[in-house]
Structure formats: C-alpha cells, structure tokens
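Subject: Structure handover

Hello,

Here is the structure you will be working with. Please look through it first, then read the notes below.

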Amino acid sequence: MLAHDGHNCLDVDECLENNGGCQHTCVNVMGSYECRCKEGFFLSDNQHTCIHRSEEGLSCMNQNHGCGHICKEAPKGSVACECRPGFELAKNQRDCILTCNHGNGGCQHSCEDTTEGPECSCHPGYKMHTDGKSCLEQEDAALEVTESNATSVVDSDKRVKRRLLMETCAVNNGGCDRTCKDTSTGVHCSCPVGFTLQLDGKTCKDIDECQTRNGGCDHFCKNTVGSFDCSCRKGFKLLTDEKSCQDVDECSLDRTCDHSCINHPGTFACACNRGYTLYGFTHCGDTNECSVNNGGCQQVCVNTVGSYECRCHSAYKLHWNKKDCVASCDLSCIVKRTEKRLRKAIRALRKAAHREQFHLQLSGMDLEVAKKSPRTSEHRVESCGVGQGHAGHQCVSCRAGTYYDGAQERCILCPNGTFQNEEGQITCEPCPRPENPGVLKTPEAWNISECGGLCQPGEYSADGFAPCQLCALGTFQPEAGRTSCFPCGGGLPTKHLGATSFQDCETRVQCSPGHFYNTTTHRCIRCPAGTYQPEFGKNNCVSCPGNTTTDFDGSTNITQCKDRRCGGELGDFTGYIESPNYPGNYPANTECTWTINPPPKRRILIVVPEIFLPIEDDCGDYLVMRKTSSSNSVTTYETCQTYERPIAFTSRSKKLWIQFKSNEGNSARGFQVPYVTYDEDYQELIEDIVRDGRLYASENHQEILKDKKLIKALFDVLAHPQNYFKYTAQESREMFPRSFIRLLRSKVSRFLRPYK
C-alpha cells in the first residue's frame with residue numbers, strides 16, 4: 001500500500017485478516033505472506049491447510065526429503081522438489097532461491113535478479129539503508145541547514161517562496177499522500193474513496209465507516225483500510241448488497257430434518273411424527289413404547305414401527321381401552337350378547353318397515369321388499385341400504401360417531417350419553433352407567449373413551465368408568481380409564497392411596513438419573529447400553545429410538561443415543577461425507593470408511609465448511625483423505641482438530657479413500673463435507689480458484705463456502721456444466737456476492753484467454 005508521503009510503498013500484513021486463511025501459523029513477508037504448520041504437520045498443496053505427518057513410510061506425506069518448499073511424488077516412486085511462486089529451484093534441486101517475483105525480492109524500491117539472489121537499489125533522491133533493502137530520503141541541505149539559530153525573517157520568506165516554486169506534482173508528488181493536481185495556487189491533494197484529507201492538506205487518513213450508522217450493516221461491521229466489511233449473526237446470510245442480512249430458511253434446504261421442520265429467525269427446530277422420537281437434533285427414530293412401564297399394557301406389549309399394541313393371553317380379550325385384558329365371554333355372556341344383537345335387529349326392522357323399500361337377508365337369501373309406487377318418476381332417487389345416507393346422488397355409510405335415522409332418512413350425531421365406533425350403524429350404544437352418562441368431550445362420540453366419567457390416574461374400576469376406587473397401598477396407576485393398578489413390586493408400600501407413579505412407592509434408596517430401581521435386589525442399577533433415564537426414582541430405562549444406541553451404560557439423556565451407521569461407496573458426481581449421527585455428537589470408538597471413485601476423466605473437489613473435533617484427546621479423533629488405505633499413499637487432507645474456517649481443495653489423486661476414527665474419549669459434532677467430481681479439463685481453473693488466498697481471507701467468501709444452497713448450485717454446475725443454463729443471470733447475481741463474482745470472472749477470463 002502507498003505510504004503517506006505518496007512515494008514509498010508499505011508492506012500490507014495479510015496475516016491480520018483471518019490469519020491469512022492459514023490453518024496453523026501465518027507469517028508475513030515483504031509484499032506477501034506464507035502459511036506454516038506446527039511440528040508434526042506439513043503444508044498441503046493448497047498452501048493453507050496442514051497435513052499430519054505419519055511416522056511410517058517414505059512418501060512426501062510424512063517427510064519433505066530435504067525440499068526447501070514443496071515435495072512432490074514423481075513417477076516410479078521417486079520424489080521431486082518444487083518452489084512456491086516467486087522462487088527458483090537452486091542447483092542442488094532442493095533449496096529455493098528468492099527472486100524479484102516474490103514480494104519484489106524484499107526490496108522497497110527496485111529489484112534485480114542476480115546469481116547471488118535479488119539485488120536492491122533506490123530511486124534518485126534516496127539512499128540505501130544498511131539493511132540493503134530499505135530506502136531513505138536524502139536531506140536537502142540548502143533547506144534544512146541554517147547559518148545560525150537567529151535566522152532573519154527575510155531569509156525565512158525566501159525559503160517559503162523557493163519551496164512554493166518547487167511544489168509541483170512532478171516533484172515528490174507535490175507532497176501529496178495520494179492524488180496530486182497542479183493549480184494556479186499550487187498543488188492540490190485529494191484522497192480516494194474511503195479516505196479523508198487531513199488538516200495539512202496532504203495526508204490521507206482511512207475513514208472508519210463503521211462509526212457512522214454501523215456502516216449501513218444490518219449486524220456486524222468491520223473496518224478495513226479504505227473500506228469495510230459487513231457480516232451477519234449465525235443463522236443469517238449476507239445479501240448481494242453486502243450489507244443486509246437475511247434469515248437462512250434451513251427448512252428449504254435438503255437433509256435438514258427427517259420429518260417436520262420449523263424455521264425460526266436465525267435457527268430452526270425439527271419435529272417428529274407421532275410414534276417417533278427426535279435424536280441428534282434433526283433425526284427421527286421409532287419410539288419403543290414398550291420399554292416404559294410395558295407401554296401401559298396389562299399383559300403383553302408389542303412394539304411396531306411408529307406405534308405399539310397391547311395383546312392378551314389366551315382366555316382373555318383386550319378391553320376397550322386397548323391396554324387392559326378382561327376374561328373372554330362365557331355362556332351367560334354369549335346369551336346376553338345374542339339378545340342384544342336381536343333387539344338391535346328388531347329395531348332395525350321396525351324402522352325399515354316404514355320405508356318405501358328395504359333389504360332383507362335371511363339364511364343366505366337376499367330379498368328386496370318395496371311398496372308399489374303409483375307412478376315412477378325419472379328423477380326418483382334410489383333408496384340407500386341400511387346405515388347409509390345420501391350424499392348428492394350417491395349412498396354413503398354413516399361415519400363413526402353418527403347413526404342413520406330412518407324417519408329423517410339421514411345420518412345424525414349420536415346424542416349425549418351414547419357413542420358409536422363403527423360406520424354404517426342405525427343406532428348408538430349407550431355409555432356405561434346410563435344413570436350417570438356424564439359429559440361428552442366432543443359433540444359426536446365415536447369411542448367409548450369419549451364418554452364422561454372415566455376413572456382418573458390413581459383410580460380404577462371394573463370397566464374404567466365411575467364409580468371408581470383409589471389404588472390400594474403398594475400400587476399405582478398413571479393413566480385414566482383403567483381396570484386395575486400396577487403393583488410397586490418387591491413388597492414396597494406407597495406413601496398414600498391413589499398413587500399415580502412408581503415414584504410414589506417408598507423405595508429403600510433414591511435412584512439418580514442413568515439408573516433404575518431393581519425391586520428384587522432393592523438396589524439402583526445402571527441403565528444398560530442402548531437405554532437412558534433422565535429422571536430420579538424410576539423403575540425402568542427408556543430404549544433409544546430407532547437404530548441408535550449409547551456409547552456406554554448409565555446414560556441420562558436422549559442426546560446420548562447416537563446413530564453409528566456411516567461409510568460406504570459414494571456417488572459418481574456429488575455427495576456428502578458425514579460423521580455418524582451428524583449434527584448430533586458422533587459416537588465413541590467408531591470407524592467409518594468411504595470411497596470415491598469418479599468416472600473416467602473426472603477429478604474431485606472437496607469443501608470442508610467446518611469441522612468439530614475435540615482437542616482434549618491429543619488427536620484421538622481424526623479425519624484423513626488419501627489415495628488408498630495404505631498409510632504411504634498420497635494424502636490430500638488430514639486433521640484432528642476443530643476448524644471453523646472453511647477450506648476448499650482438490651484431491652491429489654483421481655480417487656479417494658476417506659477414513660474417520662474416534663476413540664472412547666470426548667466427542668463433538670463432527671462434519672458434513674460436500675464433494676463434487678468435475679471434468680479434468682477444468683483442473684487448472686479449479687486449482688487456481690481454490691488456492692487463491694483471497695477466498696479464505698474474506699469473511700464474505702468464507703460464508704459462501706458455508707452456504708449449503710450456494711454450494712449445491714455451484715456443485716450442480718461443476719458436475720454437469722449444462723445445468724448452468726438452469727440459473728438465470730438474475731438468480732446468479734442474487735445468490736453470489738459481487739466480490740465473489742469478480743473473483744471468479746478474473747479467473748475464468750484468464751483461463752479462457754490462451755484459447756482465443
């Protein structure tokens with residue numbers, strides 16, 4: 001950057017901006033910067049990320065073979081050294097010599113390459129500093145030296161006039177920091193946008209735009225030299241005006257929630273269908289209802305996908321509440337049931353006899369009985385069957401909660417105190433205890449449970465309806481409408497009559513979360529792996545949903561239930577490498593292996609938006625990408641630490657073997673890494689883009705690599721270039737910030753120029 005004197009150039013410290021995009025250490029050098037790695041790591045091809053050195057093997061992955069800068073695997077197992085841009089390989093083919101092409105050779109003014117390296121020189125009017133690189137301005141003795149301290153006013157006026165005559169833009173840029181213009185009254189200095197002219201009329205000072213209305217930024221404003229950058233809070237994205245922030249609608253993205261997604265400003269929430277439990281923040285697994293108090297079933301509980309059902313032993317049948325079991329019907333019961341059915345049939349016949357036509361079925365014979373109509377009308381509506389009403393010109397069965405009234409010839413609601421749980425019926429059944437029908441929960445009662453007078457938790461009766469009795473001491477009942485209470489077990493008493501949960505049982509010890517009370521041994525037992533218990537004083541543990549399990553026994557929360565499935569062969573064009581249970585914490589002691597084998601003449605581009613691995617475990621958990629499973633194969637990427645700054649890179653080989661391993665120590669959120677395979681004809685262009693330090697130094701560009709919607713669109717076009725025409729120019733402008741489009745345009749135009 002230009003110094004305040006308008007002549008000299010000051011080095012810009014790129015490391016001050018986001019660590020220069022370096023994963024480990026950023027080192028500023030004259031006119032540039034370079035990334036360096038900690039001990040035990042070496043710099044990858046993109047010159048920003050660091051790869052862990054292995055202690056075995058002899059490839060460039062684990063040692064540099066004396067190369068000053070870059071070690072490259074060559075054909076037939078040999079290695080060759082290369083230098084970074086601006087350096088030349090020395091005669092020994094290992095060391096790298098600085099040239100004037102790298103940071104002007106460290107020279108402040110002129111640089112010339114020699115056999116000994118860069119040689120610096122200074123512009124006229126300057127002399128070389130003792131460091132051999134910096135230049136100092138020579139003093140003007142005629143102006144600076146005076147004959148005595150008592151200089152006359154006349155001599156002073158002469159010097160001022162002489163200096164005014166010398167002040168032209170042709171000499172020393174008129175003393176201006178930036179722009180100089182000759183006028184009749186002398187030179188006129190001005191400053192570019194983002195700077196303001198100081199009181200001396202020559203110096204330009206950077207304007208801190210963030211001090212005025214936050215620079216116009218919706219959320220955060222960060223001042224830069226001559227400009228400023230806006231950024232947004234997590235869960236928001238910067239719009240293309242590079243000032244406004246818009247909520248990211250995560251629910252519009254793929255792979256956000258298994259079932260239902262609810263968007264909120266800056267965040268979102270997932271919900272599961274009935275019979276499923278949320279785990280890992282976004283996933284839904286089948287709930288094993290039978291794991292808690294036998295699902296409330298009196299005898300047998302059978303779990304099903306998304307639900308469960310209670311069953312009874314032989315000689316019993318399921319009660320209307322679908323949980324209790326009652327004795328099957330004996331002879332007297334069968335007689336009463338037959339009488340009831342006959343009475344129902346007689347009522348139906350009586351009502352049907354008053355109709356113009358009715359259908360009668362006897363001993364397998366179907367009879368149609370009808371009065372003779374004095375005259376037939378073309379528009380006569382055909383009569384419907386028993387329990388059916390008219391809906392337009394069609395006959396439909398009366399729905400549950402209603403019955404067919406022959407007199408009114410339509411379906412009507414069951415009256416208060418009755419219910420009907422079947423379709424196509426001509427009567428409603430009375431609720432139990434007709435002398436005290438209670439109040440219906442809904443206008444049309446289709447289920448007996450909707451009749452009033454249900455026994456409440458802590459109560460029971462022979463049919464589940466009032467009058468009810470309190471559960472005896474030593475028993476409890478957590479649900480309404482039940483015919484019995486559950487025993488505490490182990491001879492345990494309860495604190496009072498009408499207990500509603502096992503926690504009312506007087507156990508000998510209070511079990512903490514992660515444990516359950518064993519009523520046989522009267523001890524607290526740790527919940528086995530695959531189960532958890534978040535509450536105190538329980539006699540059971542909850543099974544993990546779906547195919548998830550816990551890392552260890554004694555789990556206390558649903559978040560400790562994790563999906564261990566991972567790995568496999570990935571698709572030909574686009575896909576994801578995802579840690580198991582993502583975005584929930586990945587499980588302990590897991591090992592995942594993926595392979596990417598692109599079609600012929602295609603290469604692999606990978607973006608790591610962010611990765612979360614615990615640093616406390618001394619690299620116990622790690623992700624590695626290399627050509628094959630052999631530890632000596634060419635490594636593309638390796639990390640064992642959290643890294644929230646995104647990085648993009650191409651595979652160093654035409655296929656990839658990816659492995660993720662975790663130990664039994666701390667866990668973390670892991671990663672979701674998208675990849676795309678592209679035509680190898682674009683290799684030079686893609687490499688040029690992903691190695692550009694500006695991509696990682698700019699927060700705006702970093703946010704693009706984290707934006708799932710933008711990356712999907714970008715990868716869609718890279719995988720199938722014809723898909724470019726799916727996106728209009730307006731859509732492209734709305735999706736990508738102008739600064740990113742300018743970065744791409746410069747790359748693409750430079751790439752296409754040699755072919756014109």
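Phe476, Phe486, Phe502 and Tyr517 form one aromatic cluster. Rings of Phe, Tyr and Trp (its six-membered ring) count as a pair if their centres lie within 6.5 Å; planes under 30 degrees apart are called stacked, those over 60 edge-to-face, and the rest tilted.

Before going on, note that this is a predicted model, in which local features need pLDDT of at least 70 and side-chain atom pairs count only at pLDDT 80 or more, while totals for chains, interfaces and linings use all residues. Residues are numbered from 1 along each chain as its sequence is written, and side-chain values use heavy atoms, with hydrogens and water left out.

Leaving aside neighbours within four places in sequence, Asn539 is in contact (heavy atoms within 4.5 Å) with Phe502, Phe516 and Tyr517. Asn539 and Phe516 are 23 residues apart in sequence, yet their C-alpha atoms are 4.7 Å apart in space. Asn539 is found in the loop between β43 (531-532) and β44 (542-543). Strands here are DSSP runs of E with at least two residues, and helices are runs of H or I with at least four; both are numbered from the N terminus. With a relative accessible area of 27%, Asn539 is partly exposed. The scale is: buried under 20% relative accessible area, exposed over 50%, partly exposed in between (1.4 Å probe, protein chains only).

Now to the other aromatic rings. How many aromatic pairs does a search of the whole structure find? The search finds nine. One of them is Trp594 with Phe671, which is edge-to-face, with 6.4 Å centre to centre and 70° between the planes. Trp594 lies in strand β47 (residues 591-596) and Phe671 in the loop between β52 (656-661) and β53 (672-679), so this pair ties together parts that are 77 residues apart in sequence. Phe671 also pairs with Phe660, again edge-to-face, at 5.2 Å centre to centre and 80° between the planes. Here Phe660 is in strand β52, and the two residues are 11 apart. Are Trp594 and Phe671 buried or exposed? Both are buried. Phe660 is buried too, with a relative accessible area of 0%.

The strand that holds Trp594 has two faces. The covered face of β47 consists of Cys592, Trp594 and Ile596, and the uncovered one of Glu591, Thr593 and Thr595.

Which strands make up the sheet around β47? It is an open sheet of five strands in the order β45-β47-β52-β49-β50, with mixed pairing. Two strands pair if DSSP finds at least two bridges between them. β45 and β50 (635-639) stand at the edges with a single partner strand each, so one side of each is left without a neighbour in the sheet. Strand β45 (residues 568-569) runs parallel to β47 and is joined to β47 by two bridges; in this pairing, Glu569 has Thr595 as its bridge partner. Six bridges join β47 to β52, and these two run antiparallel. In that pairing, Thr593 stands opposite Gln659. Strand β49 (residues 622-626) and β50 are also antiparallel, over four bridges, with Met625 opposite Tyr637.

Regards
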